[in-house]
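Here is a friendly walk through one model, asked and answered a step at a time. Have the viewer open as you read.

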Amino acid sequence: MENITYCNFKKRIDECSAVIFPIGAFEQHGPAATLGTDYYIASYLAEQISERTNIMYIPCLPFGYSVIHSNFPGTISLSKKLYFDIINSIITELEKNNVSKIIIINGHGGNIRPIKRIIEHSNICFLQWFELIGNKYFENEHKSHAGSEELSLLAAIKSEYVDEEKIENRDPSKMNIVWKELQPEERKTEYYTENGVYCYADKYSKELGQRILADVVDIMVEKINIFLNA
């Protein structure tokens, strides 16, 4: 959307009053994946879905609520309140511009908690790629943060984003803290894993990632069409 004029924007909104709003995060993804993993995935999905549906998308918000990873180098997290305020402000501005329906494509599960009240609104369709394909390609032990599924999808988008020589499975934390006994707001990645990986990553496959990508785009387009026609 940043590459069109305001005149063209108005014309497009008059034709279709929906906009895609991708949101990501800037955080550690283990030794093998880039800090921008969640941002890259959300942004790429928005681009692909826009091509399929002709719905405009705004630039991906690259920073999210990543406080759980904040003690790992390179992670940049917004506070819970600031994140809510930013998302709420962007949606308010879109609505002022006659956008009646907003499709949020979320690349980071941790973003949900601060904006739960927002995404429950009837004019918002909230989509997360990792909720859409179940165990079709990977079992649960490969589906969490920086695991086989996420690395595969990332590599399908751009192989340079994954350093295959540095792929590691989860290295359990030596801090002797019982993760499950902690409240979500008390949890820190280093309490659970030494290397930032939350599960197994050793079944990483760019080819499977390409199949995941195709399935996710198809499912999202289907859900968006249902949302727009409701």
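**Helix, sheet and core**

Q: Which residues of H6 are buried in this predicted model, and what does the word rest on?
A: Buried means under 20% relative accessible area. In H6, the residues that count as buried are Leu208, Gly209, Ile212, Leu213, Asp215, Val216, Val217, Met220, Val221, Ile224 and Phe227.

Q: How do you know that the span of H6 agrees with its number of residues?
A: Helix H6 covers residues 206-229, which is 24 residues, and at 1.5 Å a residue these should span 34 Å. The C-alpha atoms at its ends are 35 Å apart, so the two values agree.

Q: What makes H5 largely enclosed?
A: With the cut-off for buried at under 20% relative accessible area, 10 of the 10 residues of H5 are buried, so the rest of the structure largely encloses this helix. Glu149, Glu150 and Leu151 are among them. The cover over H5 includes H2 and H6.

Q: Why are S2 and S4 said to stand at the edges of the sheet?
A: The sheet is open, with four strands in the order S2-S1-S3-S4 and parallel pairing. Strand S2 (56-57) and S4 each have a single partner strand, so one side of each has no neighbour in the sheet.

Q: What makes S3 and S4 a pair?
A: Two strands pair if there are at least two bridges between them. Five bridges join S3 to S4, and the two run parallel.

Q: Which residues touch the most other members of the largest nonpolar core?
A: This core has 35 residues, and those touching the most other members are Leu45, Ile49, Ile103, Ile105, Val216 and Met220. Two or more residues come from each of S1, H2, S3, S4, H5 and H6. H6 gives the largest share, nine residues.

Q: What does Ile49 touch, leaving out residues up to four places away in sequence?
A: Contact means heavy atoms within 4.5 Å, and Ile49 touches Ile20, Asn54, Ile105, Val217, Met220, Val221 and Ile224.

Definitions and conventions:
Residues are numbered from 1 along each chain as its sequence is written. This is a predicted model: local features need pLDDT of at least 70, side-chain atom pairs count only at pLDDT 80 or more; totals for chains, interfaces and linings use all residues. Side-chain values use heavy atoms; hydrogens and water are left out. The expected span of a helix is 1.5 Å times one less than its number of residues. Buried means under 20% relative accessible area, exposed over 50%, partly exposed in between (1.4 Å probe, protein chains only). A nonpolar core is a set of buried Ala, Val, Leu, Ile, Met, Phe, Trp, Tyr and Cys residues joined through side-chain atoms within 4.5 Å.
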